Amino acid sequence: MSKVTAAFANGKAFIPFITCGDPDLETSLEAIRAMIANGADLIELGIPFSDPTAEGPVIQEANLRALKSGVTTDQVFALVERIRKESDIPLVFMTYANVVFSYGIERFMERCEQVGINGIILPDVPFEEKGEFEPTCLKHNVELLSMIAPTSEQRIASIAKEAKGFIYVVSSLGVTGVRSEIKTDLASILSVIRQYSQQPCAIGFGISTPEQAKKMASISDGAIVGSAIIKIMAQYGKDAPQYVGEYVKSMKEAIR
C-alpha cells in the first residue's frame with residue numbers, strides 16, 4: 001500500500017489544504033503542525049502560482065499574497081524538510097504544470113523524493129497528457145493523483161483504471177470555493193469509479209462545514225477542504241494556526 005493510500009487505512013480521511021507562504025512560511029508551518037495535531041490524515045500543500053486556474057478568488061488571493069511575500073518553490077521544499085523532521089504524515093503537492101515544468105520535471109520530482117513528498121496533483125494536466133509527467137513521478141516514488149469531475153463522463157473508466165494513491169472527486173463544476181450546497185449526483189459518479197478502481201476516493205471543492213464533510217464522507221472515503229481554511233488564514237493572519245487546528249478537529253470529528 002502506498003503512503004498516500006495509507007491515509008485512508010483508519011477510516012474516513014480528512015484532507016486539509018494550505019497555500020504555503022500565506023501569509024508567510026513560519027505561519028504556514030505552525031498551521032500545518034496544528035492540522036497534524038488535530039487529526040489531519042493527509043495534507044495538500046499548495047505551491048504558489050500566478051495563474052491557478054482551478055482556484056476561486058479565496059485561494060487565488062492566497063497565491064498572490066504568498067508570491068508578493070517572495071515565496072519560492074525552493075522555500076516550499078525547505079518547508080517540507082522541516083515538516084518531515086517532526087512527522088511522517090502523507091504529504092502531497094497541489095500545484096500547476098508550469099511550476100513543475102519551469103523547475104525541470106526531473107529536478108522537481110527528484111527534490112520531491114529527497115524531501116519526502118508522496119504525491120502531486122496537477123489540475124491543469126488532463127488525463128490524456130499525464131504521460132509528460134507520470135513516468136518521472138513514478139521514478140521518484142511520487143504518485144500523480146487523478147481528478148474526476150462531473151464532466152468526466154465517458155472518461156471516468158479510463159481515469160479510474162490508471163489512478164494511483166487516491167482519486168480526487170471534484171464535487172461541482174467551476175473552481176474551488178465555499179458552496180452553500182453541493183447538488184451534483186456524486187453517488188452515481190462514485191459508483192462508476194468503484195467499478196474500475198480499488199483506490200480510495202475523496203471529495204473536494206466546496207466543502208466548508210462539518211455537516212457537508214459528514215455528508216460527503218458518507219458516500220466516499222474522505223473529504224478535502226481548502227478555501228474554508230484559507231479564509232481562516234486570511235482572517236487571523238499570524239494568529240491563524242490555533243483557529244485552523246480547531247477547525248480541523250471539528251471537521252475530523254464530523255466525518256469519523
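Mentor: What follows is a short talk through a predicted model.

Trainee: How many disulfides does a search of the whole structure find?
Mentor: The search turns up 0 disulfides. Cys-112 is in none, and the nearest cysteine sulfur to it, that of Cys-137, is 7.7 Å away.

Trainee: Is Cys-112 buried or exposed? And Cys-137, buried or exposed?
Mentor: Cys-112 is buried, because its relative accessible area is 0%, and Cys-137 also counts as buried, at 0% relative accessibility.

Trainee: OK, packing. Which residues touch the most other members of the largest nonpolar core?
Mentor: That core has 70 residues, and those touching the most other members include Phe-93, Phe-108, Met-109 and Ile-120. Helix α12, residues 240-255, supplies the largest share of this core, with 6 residues. Apart from it there is another core of 21 residues, among them Leu-42, Ile-59, Met-94 and Tyr-168.

Trainee: What does Met-109 touch, not counting residues up to four places away in sequence?
Mentor: On that basis Met-109 touches Val-100, Ile-120, Thr-136, Cys-137, His-140 and Val-142.

Trainee: Switching topic, where is Ser-197 found?
Mentor: Ser-197 sits in the loop between α9 (186-196) and β8 (201-204), and it counts as buried because its relative accessibility is 10%. Its side chain reaches the backbone oxygen of Ala-160 at 3.5 Å, and, leaving aside neighbours within four places in sequence, Ser-197 is in contact with Ala-160 and Ile-167.

Technical notes. Residues are numbered from 1 along each chain as its sequence is written. This is a predicted model: local features need pLDDT of at least 70, side-chain atom pairs count only at pLDDT 80 or more; totals for chains, interfaces and linings use all residues. Side-chain values use heavy atoms; hydrogens and water are left out. Helices (H or I, at least four residues) and strands (E, at least two) are DSSP runs, numbered from the N terminus. Buried means under 20% relative accessible area, exposed over 50%, partly exposed in between (1.4 Å probe, protein chains only). A polar contact is a pair of N or O atoms within 3.5 Å; within protein, one must be able to donate a hydrogen and the other to accept it, and residues adjacent in sequence count only if both atoms are side-chain atoms. Contact means heavy atoms within 4.5 Å. A disulfide is a pair of cysteine sulfur atoms within 2.5 Å. A nonpolar core is a set of buried Ala, Val, Leu, Ile, Met, Phe, Trp, Tyr and Cys residues joined through side-chain atoms within 4.5 Å.
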